[in-house]
Amino acid sequence: MPNSPVKAFLLDKKGSALELNYDELENIKSEEKILWVHFDYSSKEAIDWITNKSGIDSVAIDALLTEETRPRTTILGEALLIALRGVNLNPNSKPEDMISIRLYISPNLIISTRKRNLLSVDEIIDDLKNSRGVKSSAQFLVQLTRRVTDRMDMVIDEIQDRTDLLEENFIDSTNTEYRSEILAIRRETIVLKRYLTPQKDALIKLYNEKISWIDEYQRIELRETNDQLMRHIEELDTIRDKVILIQEELANSMNEQLNKKMYMLSIISAIFLPLTFLTGLLGINIGGIPGAENENAFYIFIVILSIVITFQFFIFKKKKWL
């Protein structure tokens, strides 16, 4: 679907909607129907219509047009001001680079703003065009929260699969590969949990508040969506703990390898230390060096060094250093 800065629909409360252009918004009377306007909040149309023509509270205006926001729910009389985050499943994008959507919802008016396309919103639009869409503002809210949460399933499952693969193939991979993958997974889980935790709180407040146009069954649906979101958060905690454990095991493995190498270097140094001492002592260029006049002195010295090495080897074996 083209990334238009303005999409507007007049919902007939029967599952269908009439698509409107921006100029038609001024003459729409939505007492018997639901007006849904979906803006790119950075567009001049969004700024002009929301500020001057929407007739909503100034708090809602600021929230709908702000660039940075965290998930939250605010009650404005019989209207709701909601900010949600969804995973980014647009082509060539990272899922953890989450997309925010801001909503002002009342029984007959829905205003939503975003910067980038959210596939969950596109699905709702497609359903309306095919006459199987939402029939009330409450249904819209239930559908959007459920679809946004459902789309997190495959992202978290993919991170879980990568973590399991990391755990299973730990011994067969190089340290460099592991460090890179561990850092990537930890970054993704941190970003996802950063927004999912306040989103859980926003949904809890949403179904606990007594809003007259949200019936009891729809509250139950919102509660089920929140339970699913809480499972996602728990899965992210599990993934984080697994990655930390793998990281600790990797650090232990690297330390063990380093210790083995240092141990071998120490053994080699210990073997060559007396040999170096003897060769250095006999290599000084002064008179009185034993064997200087004996033509077999070199061979005798080699035998002595061999005996020293054999004796050292015997001692190291006896003390189980080798």
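This is a predicted model: local features need pLDDT of at least 70, side-chain atom pairs count only at pLDDT 80 or more; totals for chains, interfaces and linings use all residues.
Which residue in β6 is the bridge partner of Arg85? The partner is Ser100.

**Strand β6 and its neighbours**

- Strand β5, residues 79-86, is joined to β6 by seven bridges, and the two strands run antiparallel.
- On the other pairing, five bridges connect β6 with strand β7, residues 109-114, again in an antiparallel arrangement.
- Leu103 has Ser112 as its bridge partner in β7.
- A hairpin is formed by β6 and β7, with two residues between them.

**Burial of β6**

- Strand β6 spans residues 99-106 and is mostly covered, as eight of its eight residues are buried.
- In a regular strand, side chains alternate between the two faces of the sheet.
- One side of β6 carries Ile99, Ile101, Leu103 and Ile105, and the other carries Ser100, Arg102, Tyr104 and Ser106; the residues on both sides are all buried.

**Packing of helices α4 and α7**

- Helix α4 (residues 137-150) packs with helix α7 (residues 216-282) at an angle of about 15°, and their axes lie 10 Å apart.
- Because this angle is under 35 degrees, α4 is roughly parallel to α7.
- The crossing of α4 past α7 is left-handed.
- Residues of α4 that make the contact include Leu141, Val142 and Arg146, while those of α7 include Glu221, Leu222 and His232.
- Sorted by class, the contact of α4 with α7 comprises five nonpolar, seven polar and three charged residues.

Terms used. Residues are numbered from 1 along each chain as its sequence is written. Side-chain values use heavy atoms; hydrogens and water are left out. Axes are lines fitted to C-alpha atoms, for helices over the stretch in contact, and angles run from 0 to 180 degrees between N-to-C directions. Helices (H or I, at least four residues) and strands (E, at least two) are DSSP runs, numbered from the N terminus. Angles under 35 degrees count as roughly parallel, over 145 as roughly antiparallel, 65 to 115 as roughly perpendicular and the rest as oblique. A crossing is left-handed if the near helix is turned anticlockwise from the far one by less than a right angle, and right-handed if clockwise. Contact means heavy atoms within 4.5 Å. Ala, Val, Leu, Ile, Met, Phe, Trp, Tyr, Cys and Pro count as nonpolar, Asp, Glu, Lys and Arg as charged, and the others, Gly among them, as polar. Buried means under 20% relative accessible area, exposed over 50%, partly exposed in between (1.4 Å probe, protein chains only). Two strands pair if DSSP finds at least two bridges between them.
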